[in-house]
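I opened a new model today and kept notes as I went. The entries follow in the order I looked things up.

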Amino acid sequence: MDTRIINSISGRLSLRAPQRESLEALAKAIDATNDKLLDPKHDVPALLETLKAEFPTLEDFERDFPSLCFALATGVGKTRLMGAFISYLHLAHGIKNFFVLAPNLTIYEKLIADFSPGTPKYVFKGIAEFAAYPPEVITGDNYEQRGAQVMSDLFSNVRINVFNISKINSEVRGGKAPRIKRLSEYLGDSYFSHLAGLPDLVLLMDESHRYRASAGVRALNELNPILGLELTATPQVETGSSTIPFKNVVVDYPLARAMEDGFVKEPAVVTQRNFNPNQYSKEDLEEIKLKDGIRLHEATKVELITYAHENDTRIVKPFMLVIARDTTHAKALKEKLETVFDGKYAGKVIQVDSSSKEEETVQALLNVESSDEPTEIVIHVNMLKEGWDVTNLYTIVPLRAANAKTLVEQTIGRGLRLPYGKRTGVEPVDRLSIVAHDRFQEIVDEANKDDSVLRKLKFIELDYEEKQGKENFQIGSNIDAQIFGGDTKGSAGTTYKPKAQEKPLFVSEPEKKAASAALAVIKQYQSKPEQAPTSQALHSEAVQQQIIAAVKEHLTQGQQSLLEDEEQIDIADVVAKTTALVVDNTIDIPRIIVTPKGTVNSGYHAFTLDISGIKGLKPQERSLVSQSLQTNEQTEIGEGDSGNYEPINENYILKKLFDYDDIPYDEHAELLYDLAKQAVECLNAVNDEKDVENILQNQSDAIARLIHAQMDKHFYEKATEYEVEVRSGFTTLKECSYTAAQGQDVKNYRDTVTEVSKIKQMLFGGFKKCLYPIQKFDSDTERRFAIILERDAIKWFKPAKGQFKMYYKKGTEHPEYVPDFIVETNDGILMVETKSAQYKNADGTWNEEVTEKAKSGVKWCANASAYLKDNGGKEWNYLLIPHDEVKEANTLGSYISKFQQSLSGTK
C-alpha cells in the first residue's frame with residue numbers, strides 16, 4: 001500500500017473519513033493480492049479466496065471479473081470517491097483506461113461535467129499530475145469521433161469513458177447488440193472491441209443497484225475489465241417482496257454513521273403535542289399535516305435567511321416535498337395548495353409523477369435547487385430515486401400509505417444533502433423534517449430498534465396552540481432610521497413603526513440626499529485611522545471640510561441640475577448634523593489585527609493525562625476460528641493475539657501518535673513518551689500483563705486519539721513580540737438579522753415576560769440609550785440587564801455577528817465569539833457577557849468554553865484600550881457576570897468592581 005500517494009490524494013481532494021477508508025480498502029485489496037488484482041491474466045477464484053480473508057463481508061464477486069462494492073450513504077460523496085479511485089490507480093499503478101457507468105441521463109451528464117476540467121465540481125482539482133494533462137473524457141455521445149483519435153494514440157493520458165446504462169439497456173432489447181458493439185465507419189471496428197482488448201480497463205459503476213442484473217450490464221461483461229468498482233448507498237437488489245443483499249461489499253458506511261459523523265442533515269419526525277389522529281377524518285388529517293408542513297417550511301425559510309445574513313453567505317431557498325397517493329390525488333393537492341393560504345403558493349407548486357418522463361422529472365427537481373426558481377412545494381407520487389442531488393429539501397409530508405421503515409428510509413434519502421457542504425451547528429439549518437402525525441409512534445418504535453438506520457432520528461413535537469409562523473427582520477441602527485426613515489418590515493410583511501420623533505432630523509428630499517451622501521463619506525473614514533483615529537475626530541475642522549467637499553462633488557457629479565438643490569440647502573449644516581448623529585450613535589470599536597513578529601515558538605506544555613477514558617478499556621477477543629470442510633469441527637487459534645508486537649508497551653501508542661501531522665515528533669519526543677507511559681501505567685494498574693498487551697495491540701489508536709485531543713488543550717504559541725496594526729479607528733454598526741414570531745407586537749423592554757422559554761422569538765423596543773431601535777434577547781437575564789443599562793449607561797447595544805470578527809479556541813477549531821453587550825459609560829467601554837451558572841464547574845470556575853471566550857474578550861479589550869488611550873479614547877474592559885447576579889437593584893458600577901476580568905486570569 002502506497003501510503004504516501006494515499007495521503008497526497010486524501011489531502012488534495014479533501015477526502016472525508018469514509019472516502020479515505022474506501023480508498024485504503026482498494027489499496028489494501030491490491031496489496032493483499034501482490035498486485036495480481038490488476039493483472040489481466042489473474043485467477044479470479046484464487047483472488048476471491050485471498051480477499052475474503054481480508055474483508056469479512058466479502059462472499060463473492062458476483063461477476064466473471066473481480067468486483068468490489070463500496071456502500072456509502074447518500075450525501076457522503078461517491079463521485080469524489082470515484083475521482084480518488086482513478087487518481088490512485090493511475091498514480092500508484094499506472095492504470096490509464098476507465099469505463100464509468102451511470103444509471104440514467106441526469107447522472108450521466110453530471111458525471112461528464114464532474115470529470116471535465118473547468119467545471120464547478122471538477123473531481124481532480126488539486127491533483128498536480130492532471131493539471132497539465134487532464135484525463136480525456138469520452139462519452140456515449142462522442143465515442144465514435146473521439147474513440148477513433150484515442151485508438152491511434154498509443155501515448156495518451158488517462159481516458160475516462162462515461163456511458164449511460166439506461167440507454168444501453170434500451171439498445172439491447174430484443175436481443176440486439178448495443179450500438180457500442182456495432183461496426184463503425186469512423187473506427188474501422190467497434191469501440192467495444194477496442195475497449196475489450198485493453199489490458200488495464202477498470203469498470204466503475206455508479207448507483208450499481210439500479211442496473212445490476214440488467215441486460216445492458218450482461219452485455220458489458222464481455223468488456224473483460226481487470227477490476228470492477230461498484231458504488232451505491234443501497235447494497236441490495238429488490239426482487240418482488242424480497243431483498244437480496246450484495247455479496248461483494250468491502251466497505252459499508254451506512255446512513256446511521258453518516259448522521260453520527262455529521263455528513264448529512266439530521267432527520268427528524270414531527271407531530272403535534274398531545275395529538276390523537278383517531279379524532280380526525282382522513283381528509284382533515286391530511287389538511288392538518290399539510291398546514292403543519294407549511295408552518296415548518298416557512299419557519300425554516302426564515303432560519304435560512306437569518307443564517308445567510310449572519311454569516312455573509314448565499315441564501316438557500318428551501319422547499320417542501322408532498323408524497324401523494326396517485327396522480328389524481330397529486331392533481332387535487334396541487335389545486336388545493338395553490339388556492340388556500342390566500343393564494344400565497346400560486347405558481348410555486350409543481351407536480352412530478354409518472355405522466356412525465358423520468359429524465360424530465362429529475363431535471364425539474366434539480367431546477368428546484370436554484371434560488372431564482374419560484375417552486376416551494378413539490379408534489380410527487382413515487383418515492384424518489386437516485387440522480388436527485390438537491391440540497392434544499394427541508395420538509396417532507398408523506399400522504400401515501402407505507403410502513404415506517406419504507407416511509408422513512410426511502411423518503412429521507414433524497415433530502416439529506418447539506419446545502420453548505422457541512423453542518424452549521426444551527427439546528428433548523430441542519431435538520432430534515434418528516435411530518436408524520438398519524439405514524440409518529442410507529443416511526444419512533446422503528447427508530448428505537450437496534451438495527452434501524454433511523455437510530456439517530458430526532459423526535460419533534462409541535463405546540464398546537466403555537467399558530468404563529470416565523471419571519472426574518474433586518475434591523476438597521478438608529479443612524480439609518482433617522483437618515484433614511486422608513487419602517488422595519490419582516491420577510492412575512494409585519495411592519496414595525498418606531499415612535500415618531502418630535503422633529504425629523506432631515507425633512508426635505510435635498511437634505512436627505514445630502515445626508516445620505518455625507519454618511520457614505522463618513523463611513524470611508526473608518527479605514528483612515530491616521531485622519532480619524534476615533535469617531536470624535538470626525539468633528540475636526542479639517543475632516544469636516546473634506547467631508548463637505550466630497551459631498552458637494554457627489555451631488556454635482558454628472559448631474560448639474562442638483563446644483564439648484566445645493567443652493568437651497570446648507571451642505572455644511574447637513575454634514576455637521578450627520579456627523580453628530582454618527583458620533584452620538586457610535587461606540588468606538590477599532591479594527592485591530594495582531595500578527596506575530598520575529599521568532600514564533602510553539603509546542604505543548606507537559607500535563608497529567610486524564611485517564612478516565614483509558615481505565616475502562618477491556619481486552620478484545622480477536623481469536624481465529626478454523627472450520628474443517630470435512631467434519632465441520634471448529635478449532636480456536638490464539639486468544640486475542642493480533643500478531644503485532646512491540647518491545648516496550650509505550651511503542652504501541654507512540655506509533656499511532658506519529659501519524660498525527662500536527663505533532664512534530666523530534667521536538668516533543670519526551671512529552672509523547674511521558675503521556676504514553678501514563679496511559680500504560682493506568683492500564684497496568686487494573687489489568688494483568690496479558691490483557692494490557694491485548695488492549696494496546698487492538699485499541700492503541702483510540703488511546704492515541706484521546707491523548708491527541710488532550711494535547712490540543714495544552715498547546716501554546718509564543719512570539720518574541722507581536723505587532724498590533726490598527727486598520728480602523730471606529731466601525732459603524734452592522735445590520736442585525738433576527739428571526740422572530742410572525743405578526744407580533746414589539747414589546748417594551750420593561751414588560752415582564754411570563755413565557756421566558758419563548759423570549760428568543762420576541763422583539764423588544766422602547767429604548768432611549770440603545771443604538772438600535774429594536775433588540776432581541778436570548779434570555780430574560782439579558783432583558784433585565786438591558787433595564788440596568790438604560791438606567792446607568794450612556795449608550796449600549798447587542799452586537800451582530802461579524803461586528804468584531806473575534807475568535808476563541810474550542811478544541812482544534814476557532815469559532816467566532818459574539819459578546820452579549822457593548823456598553824459605554826462616562827469612564828470607559830465595557831464588553832459584557834452574562835452567563836448561566838450551569839456553565840460553571842463543580843469548583844465554581846467557569847467551564848472551558850466560557851473561559852476561552854473570556855480570554856479572547858480580555859485580549860481584545862487590552863489591545864483596543866492601548867490604541868484608544870493613545871488617541872484620546874476610552875479604555876475597554878471585559879465583564880463576565882453570572883445570571884443570578886443580574887438584579888435591577890444592582891448598579892452597573894457594582895458589576896464593574898466585582899466582575900471585571902483581567903489578562904492574569906478570570907474570576
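Is Lys289 buried or exposed? I looked up its accessibility in this predicted model, where local features need pLDDT of at least 70, side-chain atom pairs count only at pLDDT 80 or more, and totals for chains, interfaces and linings use all residues. Residues are numbered from 1 along each chain as its sequence is written, and side-chain values use heavy atoms, with hydrogens and water left out.

**Entry: Lys289**

Lys289 counts as buried because its relative accessibility is 4%. The scale I used calls a residue buried under 20% relative accessible area, exposed over 50% and partly exposed in between, with a 1.4 Å probe and protein chains only. I found Lys289 in helix α11, residues 282-310. Helices here are DSSP runs of H or I with at least four residues, strands are runs of E with at least two, and both are numbered from the N terminus.

Next I listed what Lys289 touches, leaving out residues up to four places away in sequence. The list is Val397, Pro398, Leu399, Val435, Ala436, His437 and Asp438. Contact means heavy atoms within 4.5 Å. I then checked two of these partners. The side chain of Lys289 reaches the backbone oxygen of Pro398 at 2.9 Å. Val435 is 146 residues from Lys289 along the chain, yet their C-alpha atoms are separated by 6.4 Å.

**Entry: α1 and α2**

I moved on to a helix pair. Two packed helices are described by the angle between their axes and the distance between the axes. Helix α1 covers residues 3-12 and helix α2 covers residues 17-32. They pack at about 155°, with axes 11 Å apart. The two helices are therefore roughly antiparallel to each other; angles over 145 degrees count as such, under 35 as roughly parallel, 65 to 115 as roughly perpendicular and the rest as oblique.

Which residues make the contact? From α1 I noted Ile6, Asn7, Ile9 and Ser10, and from α2 Arg20, Leu23, Glu24 and Ala27. By class, I have four nonpolar, two polar and two charged residues.

**Entry: positive phi**

Last, I looked up two residues other than glycine with positive phi. Asn224 has phi near 55°. I placed Asn224 in the loop between α9 (215-220) and β6 (227-232). Asn224 is exposed, at a relative accessible area of 53%.

Lys805 also has phi near 55°. Its loop runs between β27 (795-797) and β28 (806-807). Lys805 is partly exposed, at 47% relative accessible area.

Methods
Axes fitted to C-alpha atoms, helices over the stretch in contact; angles between N-to-C directions. Nonpolar A, V, L, I, M, F, W, Y, C, P; charged D, E, K, R; others polar. Polar contact = N/O pair within 3.5 Å; in protein donor to acceptor, adjacent residues only side chain to side chain.
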